[in-house]
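Here's a quick briefing for anyone meeting this structure for the first time.

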Amino acid sequence: MRGDVGQWLEALGLGEHAKMFAENAVTAELLPTLTESDLRELGVAKLGQRKRLLEAIEALSSHEEQAADMIAPGARATVRPGAEAERRQLTVMFCDLVGSTALAERLDPEDLREIIRSYQETCAKAVARFEGHIAKYIGDGLLVYFGYPQAHED
């Protein structure tokens, strides 16, 4: 979650809920306290979206050090006494929309934005299907991690 809850929601492919979270003063510190009922009250009507949010919140809560770094830009995670390092396989993938420059030259900016948004949502669904983590949206591209924050043997 780079910077704020809105950016974190965007990274999860749930940016349409950012305004409601902001209007209800839901900050990064409050995320771990949210329940499914709270999410419903915030206007997250789809069960799948509520489940995805709760899983992402759980991942933040279970990785406090990483969460602190993601929530507050520039914050440094501290190593707690007794914390053990873990070696794991991590796959890092960057993908972007082929031909987006040519599209940008031909299309109206609003139309291009909709195409990129649709592309990002489609990618987010594919990444979620394989339990990946979208680290960052960069223009028409995505930086994706597999094996983080949850390790996978395959």
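There are 0 disulfides here, a disulfide being a pair of cysteine sulfur atoms within 2.5 Å. Keep in mind that this is a predicted model: local features need pLDDT of at least 70, side-chain atom pairs count only at pLDDT 80 or more, and totals for chains, interfaces and linings use all residues. Residues are numbered from 1 along each chain as its sequence is written, and side-chain values use heavy atoms, with hydrogens and water left out.

- Cys95 is in no disulfide, and its nearest cysteine sulfur belongs to Cys123, 4.4 Å away.
- Cys123 is likewise in no disulfide, with the sulfur of Cys95 as its nearest, at 4.4 Å.
- Cys95 has 18% relative accessibility, so it counts as buried (buried is under 20% relative accessible area, exposed over 50%, partly exposed in between, using a 1.4 Å probe and protein chains only).
- Cys123 is buried as well, at 14%.

**Nonpolar cores**
- The largest nonpolar core has 17 residues, and Trp8, Leu9, Phe21, Leu31 and Leu53 have the most contacts inside it (a core is a set of buried Ala, Val, Leu, Ile, Met, Phe, Trp, Tyr and Cys residues joined through side-chain atoms within 4.5 Å).
- H1, H2 and helix H4 (47-62) each give two or more residues to this core; helices are DSSP runs of H or I with at least four residues, numbered from the N terminus.
- Apart from that core lies another, of 12 residues, including Cys95, Leu103, Tyr119 and Cys123.
- As background, nonpolar side chains in soluble globular proteins tend to be buried together.

**Around His17**
- You'll find His17 in the loop between helix H1 (5-11) and helix H2 (18-23).
- With 8% relative accessibility, His17 counts as buried.
- Neighbours within four places in sequence aside, His17 is in contact with Leu9, Gly43, Val44 and Gln49 (contact means heavy atoms within 4.5 Å).

**Arg117**
- Arg117 sits in helix H7 (residues 109-129) and is partly exposed, at 33% relative accessibility.
- Arg117 and Asp140 are 23 residues apart in sequence, and their C-alpha atoms are 8.5 Å apart.

**Aromatic rings**
- The count is 1 aromatic pair, where rings of Phe, Tyr and Trp (its six-membered ring) pair if their centres lie within 6.5 Å, with planes under 30 degrees apart stacked, over 60 edge-to-face and the rest tilted.
- Tyr145 and Tyr148 have ring centres 5.7 Å apart and planes at 85°, so the pair is edge-to-face.
- Tyr145 is partly exposed, at 23% relative accessibility.
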